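Student: I have a model open and want to learn how its contacts get their names. Can we go through some?

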There are 4 protein chains.
Amino acid sequence: MTPQDPIQQEKYTAIIEAAFKVFARDGLHKGKIADIAKEAGVGKGTVYEYFRSKEEIFTAILNQFFDLIQIGLDEVNHLEIPADQKVRMLLELNLDWFKTTTTEEALIVTEIWAQGLRSFYIGQPDDALILRYRKIQSTMMSILNQGVTDGVFRAVESETLAILLMATLDGIGLHFLMNQSLDIEKLKRVTIRAFLEGILVRPNSTQPQE
Amino acid sequence: MTPQDPIQQEKYTAIIEAAFKVFARDGLHKGKIADIAKEAGVGKGTVYEYFRSKEEIFTAILNQFFDLIQIGLDEVNHLEIPADQKVRMLLELNLDWFKTTTTEEALIVTEIWAQGLRSFYIGQPDDALILRYRKIQSTMMSILNQGVTDGVFRAVESETLAILLMATLDGIGLHFLMNQSLDIEKLKRVTIRAFLEGILVRPNSTQPQE
Amino acid sequence: MTPQDPIQQEKYTAIIEAAFKVFARDGLHKGKIADIAKEAGVGKGTVYEYFRSKEEIFTAILNQFFDLIQIGLDEVNHLEIPADQKVRMLLELNLDWFKTTTTEEALIVTEIWAQGLRSFYIGQPDDALILRYRKIQSTMMSILNQGVTDGVFRAVESETLAILLMATLDGIGLHFLMNQSLDIEKLKRVTIRAFLEGILVRPNSTQPQE
Amino acid sequence: MTPQDPIQQEKYTAIIEAAFKVFARDGLHKGKIADIAKEAGVGKGTVYEYFRSKEEIFTAILNQFFDLIQIGLDEVNHLEIPADQKVRMLLELNLDWFKTTTTEEALIVTEIWAQGLRSFYIGQPDDALILRYRKIQSTMMSILNQGVTDGVFRAVESETLAILLMATLDGIGLHFLMNQSLDIEKLKRVTIRAFLEGILVRPNSTQPQE
DNA sequence: GATGAATGAGACTTCATTCAT
DNA sequence: AATGAATGAAGTCTCATTCAT
């Protein structure tokens with residue numbers, strides 16, 4: 001999907017970034033291909049050399065976003081630290097994403113995601129939104145299971161809990177999007193306690209001091 | 001905003017319902033005013049007697065959705081039952097919504113909501129998305145505070161916790177949207193336990209048996 | 001297909017005439033819908049109220065042309081004159097068409113006709129080019145048969161001869177299109193003699209004096 | 001116009017043949033240069049080494065077609081046979097062309113020819129369509145005149161009759177294009193008789209027995 | 001000479017909105 | 001109030017042609 005030639009790869013990236021910028025500024029539907037091309041410093045036709053349609057640009061942006069999430073998640077998972085630390089890091093990771101992302105950008109991801117739900121993701125066999133989420137879920141489950149195995153967590157329904165975890169993280173993200181004045185640190189603390197103290201951590205295991 | 005004359009009121013409702021149907025079928029941007037008019041059994045021009053623009057129809061649909069949520073919430077809040085029961089009911093209420101709503105309809109609400117985030121809600125003083133959420137939040141806080149006052153809940157940061165509760169409910173909704181095969185009952189149970197057993201309920205208060 | 005309301009009918013005609021003019025000036029593929037709209041004094045969108053696509057305008061023009069041909073043919077056929085006179089008139093009619101038609105217009109009809117051969121006519125069940133021709137052929141056959149019955153013509157294979165007649169008329173039209181300096185009167189005379197003296201007229205019937 | 005170097009000549013021919021194939025398949029305007037290049041096994045840019053534009057390819061195809069016609073015509077003309085035999089052969093030659101040509105190919109020639117009438121042929125001094133036809137006409141006249149000189153034909157206006165002959169042949173071709181179910185043999189017979197028996201052959205000359 | 005990535009003018013068509021009836 | 005014919009801005013995408021390699 002992505003070109004192999006480094007020069008082309010560069011242009012491919014430039015177009016995605018330009019698209020991201022334009023969509024963030026003008027919205028998903030008001031953002032014109034012409035502007036993306038101009039922003040990327042290429043001709044209008046060139047955009048169509050790299051993407052078959054506007055929707056394919058949407059998909060590419062969303063995939064890039066999920067790549068980022070998944071990479072962060074995998075990095076955390078591969079660390080040699082206790083599972084409860086990993087869960088803590090996940091929450092931090094997720095909530096900190098908003099600090100390095102402008103609201104406009106976050107809105108765009110959300111908008112693409114919502115619009116994508118309808119048409120070009122669900123029902124498509126490969127690379128679909130649902131598969132991306134399933135991958136995230138399975139990584140989270142692996143962390144939870146590790147915790148149970150290590151005796152750090154109580155026995156939990158890791159599958160359902162992983163979904164709850166994902167859902168909570170997404171939900172917090174959305175609400176932060178809507179209400180930037182949210183005290184994100186306080187929210188982080190409460191959420192972490194909800195999951196660690198409340199559900200996961202064994203009564204007699206080492207409590208995180210906060 | 002809504003007309004007072006019953007005949008007009010009827011037409012107003014018919015248009016919203018038609019719009020809902022058309023959007024659910026064709027998507028937010030592919031759904032045409034002409035089709036809405038036809039579906040509602042009125043002329044194209046008539047739609048513009050009731051709504052200034054297509055976006056205003058979006059807003060109306062979203063408001064209707066929030067009215068529904070808020071009404072349910074208020075009903076629960078006004079019941080003469082312990083706070084923990086209320087929290088439990090909230091969760092039930094929210095997750096059961098999906099049983100009476102088709103995926104297409106839920107998608108439309110999500111799509112409008114996401115698109116609305118950008119343009120026609122945020123930044124608008126009245127009736128804005130954020131105000132609707134603040135109202136929800138305040139109702140939830142009132143329930144949480146009642147619980148603390150009644151000694152059912154531990155002392156909690158009710159403001160932050162209300163946000164977490166909202167966020168979790170929204171997150172679960174979204175994930176259910178993406179993955180209909182989710183075991184919603186199991187998820188409900190886990191979520192309720194997370195909130196009640198884990199965070200809210202006092203160690204020595206009556207535990208809900210499940 | 002054509003609108004019934006007289007005001008709309010007028011607009012419909014205006015658009016066809018405008019299209020004819022624009023195509024004649026700029027060619028079939030260079031002729032822009034925008035120019036047709038401007039020429040017709042309507043908005044671009046209005047063109048699409050009356051025609052679903054550019055091709056449908058092509059078809060309409062071609063049909064109008066065939067209507068004209070067929071009407072003239074029918075008029076001749078319904079006259080109370082001998083069959084040989086009718087054949088003579090047919091030839092006159094056909095060749096005189098070019099005197100009231102500009103080359104540009106004739107070219108457009110030819111261009112549409114040729115392009116039409118390929119895509120939007122052949123293979124379509126109703127109103128197709130071939131049906132229009134079959135109608136013409138049948139009218140010609142009726143004239144030829146009348147001549148045989150009346151004893152003016154020798155016994156002829158009227159079906160094949162009708163085709164030859166059509167083909168000859170079309171061929172002459174085309175060559176006149178390509179070579180305006182053709183002496184059309186001389187051509188008319190020769191053609192008429194070829195058909196009447198040569199093939200059709202009985203040796204002992206009254207010879208047309210020329 | 002055509003390259004001299006045999007390797008280049010080969011490529012030149014390959015491109016024309018590829019163009020013919022692509023146009024026959026996709027139509028004149030839908031047929032893409034890119035596809036022609038691919039079909040010819042060369043790069044897109046290479047096409048432009050051999051042809052200045054898409055229109056020049058049209059011209060080349062049409063010229064090739066006329067070369068074919070003219071060559072056949074000359075061959076017949078150079079035979080040592082009576083003029084009436086030559087006319088008969090001309091008709092056979094022309095009508096038999098359709099047996100070795102697919103409809104799609106014939107359509108393409110027609111389409112190019114019609115489109116060519118407008119823009120790139122008429123008005124151009126060299127190699128124009130009209131010159132090609134004049135050449136054909138002059139060959140035909142030479143045959144007709146030979147017949148008169150030899151006493152096989154009556155005295156005829158050979159110039160006008162040559163045009164009529166050309167026109168008839170073209171007309172028959174077009175109608176055969178539109179109606180493949182035409183009984184071409186019967187048509188051939190009728191046409192030959194029309195010209196030979198009817199107009200050309202002297203009353204006391206040897207009649208062709210059929 | 002050969003190539004094909006890049007280009008951008010331009011076209012068709014859609015559809016929210018208006019407004020005369 | 002109701003209508004729907006008319007509108008035209010706007011947008012996506014195509015594809016002939018160019019030109020650096």
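Predicted model: local features only at pLDDT ≥ 70, side-chain atom pairs only at ≥ 80, totals over all residues.

Student: What makes Lys11(A) and DNA strand E a polar contact?

Tutor: A polar contact is a pair of N or O atoms within 3.5 Å; within protein, one must be able to donate a hydrogen and the other to accept it, and residues adjacent in sequence count only if both atoms are side-chain atoms. Side-chain values use heavy atoms, without hydrogens and water, residues are numbered from 1 along each chain, and chains are lettered from A in the order written.

Student: Which part of Lys54(B) lies 2.9 Å from a phosphate oxygen of DNA strand E?

Tutor: A backbone N or O atom of Lys54(B) does.

Student: Why is the pair Lys186(C) and Glu157(D) called a salt bridge?

Tutor: The rule wants a side-chain nitrogen of Lys or Arg within 4 Å of a carboxyl oxygen of Asp or Glu. Here N to O is 3.9 Å, so the pair qualifies. Across the interface of chain D and chain C, the rule finds three salt bridges.

Student: How many residues of chain D are in contact with chain C?

Tutor: Contact means heavy atoms within 4.5 Å. By that rule, 46 residues of chain D touch 45 of chain C.
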